[in-house]
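Student: I have a new structure to get to know. Can we go through the terms together?

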Amino acid sequence: MPVLLFLIDTSASMNQRTHLGTTYLDIAKGAVETFMKLRGRDPASRGDRYMLVNFEDAPFGIKAGWKESHATFMTELRNLQATGLTTVGQSLRTSFDLLNLNRLVTGIDNYGQGRNPFFLEPAIIIAISDGNKLTSSNSVQDELHLPLTTPLPGSELTKEPFRWDQRLFALVLRIPGNASVETEPLGGVPPDDSPITPMCEVTGGRSYSVFSQRMLNQCLESLVQKIQSGVVINFEKTGPDPPPLEGKSSSPTSGFHPPWHCCHKLIYVRPNLKTGVPIGHWPIPEAFWPDQNSPTLPPRSAHPQVRFSCVDAEPMVIDKVPFDKYELEPSPLTQYILERKSPHTCWQVFVSNSAKYSDLGQPFGYLKASTALNCVNLFVMPYNYPVLLPLLDDLIKVHKFKPTLKWRQSFENYLKTMPPYYIGSLRKALRIMGAPNLLADNMEYGLSYSVVSYLKKLSQQTKIEYDRLIVSIGKKPPPEPGIKVRWRGGGVSLAQRRDFIQQLQSLSGEAPALPVELNPKEFQGFHLALLNKGLKPQSFRNPYDIPRSHLLDQLSRMRRNLLNTSVCTLRGQDSDQLHSVPIAQMGNYQDFLKAAPQPLRDADPEQPKRLHTFGNPFKLDKKGMMIDEADEFVTGPQNKGKRPGDNNINMPGGGPKRRRCMSPLLRLGRAYTPPVSPSLMFVPSAWFVSDYEKIFLLLKQIQGTLDTRLIFLQNIIKEAARYSEFLFFRTSRLS
């Protein structure tokens, strides 16, 4: 389930308008919605999780996180406003911490026990900015710097703030304010030269320099294609170059390396077709040999440094021994391997310092071109597989799973050269082969007790931090008390002042003494008040509430208010503005209900409660409504004959069709209980008078006290009143 995090620049510079008439912030919001529509075409997008972060301070900058719904994401996106500074570094650190918050709890990083490519949470951060200078409350920065301190527990276990399954892409808006006459260049979108570009390249992503709406749509389509499940690995050549192909000369070595020598690319981790989750067997080794006496773990780099040797080797595969196969993203390295057209040879891969007595380490897999020469695959095998696989092959074919003493000694020697964290994977592989008893159950995994306790403690702390952050998301930052006044006179030299000559003349007595400067200590802690946006502006009482652009309109309103008044007192507001509500606030009916006074209770609690009349004025509360005999009569089969008075109309096929009753009182399928008023209680209807004698005979036949007869009589009167009112409504409707 990929995570798509949008980092929206909400600095004040995003309010600049383009030649299209929209601001940069409006274009950013539209880009997010367009991306979601393009992504929705893929059936795999059902499991996507969208997050939203802006440039506010944490945690107020997190608008949608792990628990927020899609509706909350869209609401927060539309409510974004461009007010603030361009704090890209702090916002990126907040985004990475939000993504890494749940990793220690789930344990997918597997610190100190190898890197499992099949344990991943693929995430893509899409930053949309204007590419202006990086501003903070202290200064303007030319380079991007991420804060080193973070409240996330366990951040010291990784050198970088990101992980190998997280990539950063940046859309830098460069759309001009005036329409350009020059034609747009065809081809791909070039990268931008803003400070965020190096950060994108480090994570395995890239930046886009957007100059038009067409280029923006092209970038969005490209980003949708880059949503792949995989991890980023640094591939670096070790040893000599391979011999040149026939008919081609060797590449010149004039001080620079070919691009295929070092590549920073993705390997695709495909999910299983049955379970939908990636399945693997072998990890990529750590860059250190684990020490059981070490109290701490050395920090690892976000992307593993995998070295490949260009010496041709024979690919080794045994039927019953599992292996993992990952496809490499197209790169100069894959292009170079495919050009050699040798699908039956491979290049072994290593991780430096992974072995106990070797700097380069032992091979854990190999790079090999596919048979069809359309891609390059990374095969991850057991550690030092050239030694293990022949042993297992002899165990299966020669010894028939009955190892000899010599074979066991060779196997024990191999286990001494294998990192201890491979024991779990090797035990599972032997169980699949059918030899589960070759490894003892009490073999150590290589982590000391202090390291295991530390990792458990970090998991608990991360869970607490996760719960704290989830609660804080959605809360608004506290209002600022004001703008703090700082005295800057102390930092200016006397020679740099404009009145330097006057100061010298006043000191020498040639000119009158200048007024004494204010003491800065008198205004320590002084704040300038800020405009409270929550208060409704009083444009008829406070002239400072009138915007500069509305001065003429307000003057005409005040003149009309003065001349049209008939009493001595003037009104405090214009009648037109009294009922004027911005379009963006017209649908906030729930906020209006919260501010409205508490309504009085109903006189008859048995009657159905009528909901608010916002929209349909006939809404009724259907809970607890009873259906009586009169309603059953309405919902029963209706007479489809002709209406009275329509006998002179002859229509083919019988009488005219009955119109649908639009009255909420007689609508089919809706229970309605008319109110029982005193007038209907004591004024007998026609049915009541005609059957008076029958009711009297029924009262005589009832055995019981007088109270029982009175209760029966009251029920008869209520039913008669309801039936009478039903006939009244029905007769009036037909007439």
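Student: Where is L530 found?

Tutor: L530 sits in the loop between strand 17 (527-528) and helix 13 (551-563). Helices (H or I, at least four residues) and strands (E, at least two) are DSSP runs, numbered from the N terminus. Bear in mind that this is a predicted model, where local features need pLDDT of at least 70 and side-chain atom pairs count only at pLDDT 80 or more, while totals for chains, interfaces and linings use all residues. Residues are numbered from 1 along each chain as its sequence is written, and side-chain values use heavy atoms, with hydrogens and water left out.

Student: Why is L530 called partly exposed?

Tutor: Buried means under 20% relative accessible area, exposed over 50%, and partly exposed in between (1.4 Å probe, protein chains only). L530 has 41%, so it counts as partly exposed.

Student: Which residues of helix 7 are buried?

Tutor: In helix 7 (residues 332-340), they are L333, T334, Y336, I337 and R340.

Student: What puts them on the same side of helix 7?

Tutor: They cover an arc of only 160 degrees around the axis, so they lie on the same side of helix 7. That arc is taken from the directions from the helix axis to the C-beta atoms.

Student: And what comes after helix 7?

Tutor: K341 follows, with a positive phi near 55 degrees.

Student: How do you know that strand 9 and strand 10 pair?

Tutor: Two strands pair if DSSP finds at least two bridges between them. Strand 9 (residues 230-238) and strand 10 (residues 262-268) have seven, so they pair, in the antiparallel sense. N234 stands opposite H264 in strand 10.
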